[in-house]
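Hi everyone, thanks for coming.

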Amino acid sequence: MPELSRRRALTAAAVVATTAGAWPASAPATAAGHHDSPGTFDEVYKGRRIQGRPAAGAGHHHHGAGYAVFVDGVELHVMRNADGTWISVVSHYDPVPTPRAAARAAVDELQGAPLLPFPAN
């Protein structure tokens, strides 16, 4: 059997990447994928307005799979975990199933205190 060269390894990787690129079109999105992003929401929860929507230009400080959540107009930094759950900077150690649940958990944790903007680097 021929020795595995760098060129053969890169060619094999390109083939796998091309094949993997076609995979989502025929298979359902996984929980960690970006294609199953939750829909928008806009509601008043315990007297606080919470909103969530897909973010158009997710920069490096957005780990929420291109999703933005707001509490009273202030962005709540959210992040999607590998298992599909969501956390926020307010309730970082309490994963929840949706961004809406993350916003509600933040309101519960804030107990009426205002959400301060999260500094972006």
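Here, four strands make an open sheet, ordered β1-β2-β3-β4, with antiparallel pairing. Strands (E, at least two residues) and helices (H or I, at least four) are DSSP runs numbered from the N terminus, and two strands pair if DSSP finds at least two bridges between them. β1 and β4 (74-76) sit at the edges with a single partner strand each, so one side of each has no neighbour in the sheet.

A word on the model: it is predicted, so local features need pLDDT of at least 70 and side-chain atom pairs pLDDT 80 or more, while totals for chains, interfaces and linings use all residues. Residues are numbered from 1 along each chain as its sequence is written, and side-chain values use heavy atoms, without hydrogens or water.

Now the pairs. β1 (residues 41-45) and β2 (residues 48-54) share five bridges, and Y45 stands opposite R48. Two residues lie between these strands in their hairpin, where K46 has a positive phi near 50°. β3 and β4 pair over three bridges, with V69 opposite L76.

What about the core? A nonpolar core joins buried (under 20% relative accessible area, 1.4 Å probe, protein chains only) Ala, Val, Leu, Ile, Met, Phe, Trp, Tyr and Cys residues through side-chain atoms within 4.5 Å. The largest one has 16 residues, and F41, I50, V69, V71, L76 and V78 touch the most other members. β1, β3 and α2 (99-110) each give two or more residues, and α2 gives the largest share, five.

Definitions and conventions: Buried < 20%, exposed > 50% of the residue type's maximum accessible area, 1.4 Å probe, protein only.
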